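Colleague: Could you walk me through reading a few features in this one? I'd like the general idea, then the actual case.

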Amino acid sequence: MTGEAQARRWLDTAVDDLRHARYAEEGGFYAHACSSAQQAAEKAVKAVHHARGARAVLGHSVRNLIERLDPRVPSLDELVDDARELDLNYIPTRYPNGLEAWTPAAGFGARQAATAIAGASAILTAARRHTPSP
């Protein structure tokens, strides 16, 4: 499979994850919305890596994935604060031991979900400009 085809698969999956984040937010499942938003951003940046010929892209930190792009992508570099925020959602939105005293459902609310979705949406938009169109 070509790098372009692989990039398209990753970007398409990122789009689906962002759709799921919005759906979860509407239903009041805020931890799930944050989790899916983080996944959307992670997969969007991995799509850029694949579009540039990477065969395997390891790691889950959106920030690290952005910073490992060579050459750098200024439109993604501008979103590194959003990436940092999304990285905070990787573990605690999924596991009951990710937060000291709460379950994910009790630890995340509407504000966190809205912030995560906005950040993921911005990252996906920037990544889309650096991946091939179908």
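Colleague: Is Glu 67 buried, partly exposed or exposed?

Modeller: This is a predicted model, so keep that in mind. Buried means under 20% relative accessible area and exposed means over 50%. Glu 67 comes out at 33%, so it is partly exposed. Arg 63, at 30%, is partly exposed too.

Colleague: Which residue does Glu 67 meet in a salt bridge?

Modeller: Arg 63, with 3.1 Å from N to O.

Colleague: How many salt bridges turn up in the whole structure?

Modeller: Seven. One of them links Arg 84 to Asp 81, with the closest N and O atoms 2.4 Å apart. Arg 84 is partly exposed at 35%, while Asp 81 is exposed at 54%. Then there's Glu 42 with Lys 46, at 3.0 Å, and both of those residues are buried.

Colleague: Now packing. What describes two packed helices?

Modeller: The angle between their axes, plus the distance between the axes. Here, helix 1 (residues 3-26) and helix 7 (residues 110-128) pack at about 160°, axes 10 Å apart. That makes them roughly antiparallel, and the crossing is left-handed.

Colleague: Which residues make the contact?

Modeller: Among them are Leu 11, Val 15 and Leu 18 of helix 1, and Ala 114, Ile 117 and Leu 124 of helix 7. By type, the contact residues divide into eleven nonpolar, one polar and three charged.

Key: Residues are numbered from 1 along each chain as its sequence is written. This is a predicted model: local features need pLDDT of at least 70, side-chain atom pairs count only at pLDDT 80 or more; totals for chains, interfaces and linings use all residues. Side-chain values use heavy atoms; hydrogens and water are left out. Axes are lines fitted to C-alpha atoms, for helices over the stretch in contact, and angles run from 0 to 180 degrees between N-to-C directions. Helices (H or I, at least four residues) and strands (E, at least two) are DSSP runs, numbered from the N terminus. Angles under 35 degrees count as roughly parallel, over 145 as roughly antiparallel, 65 to 115 as roughly perpendicular and the rest as oblique. A crossing is left-handed if the near helix is turned anticlockwise from the far one by less than a right angle, and right-handed if clockwise. Contact means heavy atoms within 4.5 Å. Ala, Val, Leu, Ile, Met, Phe, Trp, Tyr, Cys and Pro count as nonpolar, Asp, Glu, Lys and Arg as charged, and the others, Gly among them, as polar. A salt bridge is a side-chain nitrogen of Lys or Arg within 4 Å of a carboxyl oxygen of Asp or Glu. Buried means under 20% relative accessible area, exposed over 50%, partly exposed in between (1.4 Å probe, protein chains only).
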